[in-house]
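Hi,

Here is the structure I promised to hand over.

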Amino acid sequence: MDMDKVDQIIDKHNCEASSLIQVLLDIQGANNWLPKEALDRVAERLQVPLTRIQHIATFYKAFSVVPKGRHGVHICLGTACHVRGASRILDTVQDITGLNPGETDLDLKFSLETVNCLGCCALGPVMEVDGKVYGKMAPAKIADALKNYD
C-alpha cells in the first residue's frame, strides 16, 4: 500500500489517537485490507502501541490483516435464508469460485464470507456482492450474478 495514502488518511484525522478505529476503517476502505506496513505507520504516527492496533485489527470483523478480493461475496446463513436453501447457494458459490468461507482466490478477485443475517430476511436466500443484494437467490442465478464482477 502507498504510505503517502496512509499518511493522508492519518492527517485527515489530525493524527489523533482517539481516531484510531476510523483511521483503520479508512485504510481498510482504501486498500481492502490492513497491511503490516500500514499498521506500523499508524502506530508510529498516532503514537499508539502496535500491539494495541493489532488487537483491534484482529478483533473486529470489519478489518482484515490478510489480502481480500476486490469483490466481497457474502452468503446469509440466518434462519430465514437457511430454511429457504442458503446452503445450496453457498455450495454453488463454492463450486463456481473454488473458495471456502473465509478464503480469497489467488488473483484477489473474490473473497467469500458467510454471515448470520444481512437484514433482508423477506428476500431469502440472499447473496450480497460488494453491497449489492441478490434476493430470492437460486443456484441457477449465481453464475450470471458473479460474471458481472471482474
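Predicted model: local features only at pLDDT ≥ 70, side-chain atom pairs only at ≥ 80, totals over all residues.

Leaving aside residues up to four places away in sequence, Ala-122 touches Arg-84 and Lys-136, where a contact means heavy atoms within 4.5 Å. You'll find Ala-122 in the loop between E2 and E3; helices (H or I, at least four residues) and strands (E, at least two) are DSSP runs, numbered from the N terminus. Ala-122 counts as exposed because its relative accessible area is 58%; the cut-offs are under 20% for buried, over 50% for exposed and partly exposed in between, with a 1.4 Å probe and protein chains only.

Residues are numbered from 1 along each chain as its sequence is written, and side-chain values use heavy atoms, with hydrogens and water left out.

The overall picture

The protein has seven helices and four strands, and from the N terminus on they run α-α-α-α-β-α-α-β-β-β-α. Its C-alpha atoms fill a box of roughly 50 × 30 × 25 Å along the principal axes. Of the 150 residues, 41% are buried. Take the contacts with a separation of 6 or more: 60% of them are between residues 24 or more positions apart.

H2 (residues 20-31) has twelve residues and reaches 16 Å from first to last C-alpha, close to the 16 Å expected at 1.5 Å a residue; the expected span is 1.5 Å times one less than the number of residues. Its buried residues are Leu-20, Val-23, Leu-24, Asp-26, Ile-27 and Gln-28, and they pack against H1, H3 (36-46) and H4 (50-59).

H6 (residues 86-97) also has twelve residues, with a reach of 16 Å, close to the 16 Å expected. Buried here are Ala-86, Ile-89, Leu-90, Thr-92, Val-93, Gln-94 and Thr-97. Their cover includes strands E1 (71-76), E2 (110-115) and E3 (127-129), plus helices H5 (79-83) and H7 (139-146). For reading both lists: an α-helix has 3.6 residues a turn, so residues three or four places apart point the same way.

Over in H1 (residues 3-12) sits Met-3, which counts as buried because its relative accessibility is 17%. Beyond residues up to four places away in sequence, Met-3 touches Glu-37, Ala-38 and Arg-41.

The largest pocket

A pocket here is an open set of points on a 1 Å grid over the protein atoms alone, where a 1.4 Å probe fits, with protein on both sides within 12 Å along at least five of seven lines; lining residues have an atom within 4 Å of a point. The largest one has a volume of about 370 Å³, that being the space filled by probe spheres set on the points, which are joined across faces, edges and corners. It is lined by 16 residues, and Lys-61, Ala-62, Lys-68, His-74 and Glu-113 lie nearest its centre. E1 and E2 are the elements that give two or more residues to that lining.

Glu-113 belongs to strand E2 and counts as buried because its relative accessibility is 17%. Its side chain makes a polar contact with that of Lys-68, at 2.7 Å; such a contact is a pair of N or O atoms within 3.5 Å, and within protein one must be able to donate a hydrogen and the other to accept it, with residues adjacent in sequence counting only if both atoms are side-chain atoms. Apart from residues up to four places away in sequence, Glu-113 touches Lys-61, Lys-68, Val-73, His-74, Ile-75 and Gly-102.

Most residues other than glycine have a negative phi, and most peptide bonds are trans. Against that background, which bond is cis? The one that joins Gly-124 and Pro-125, with omega about -5 degrees; Pro-125 is in the loop between E2 and E3.

Asn-32 has a positive phi near 75 degrees and follows H2, in the loop between H2 and H3. At 30% relative accessibility, it counts as partly exposed.

Lys-136 has a positive phi too, near 45 degrees. It is in the loop between E4 (132-134) and H7, and it is exposed, with a relative accessible area of 52%.

Cheers
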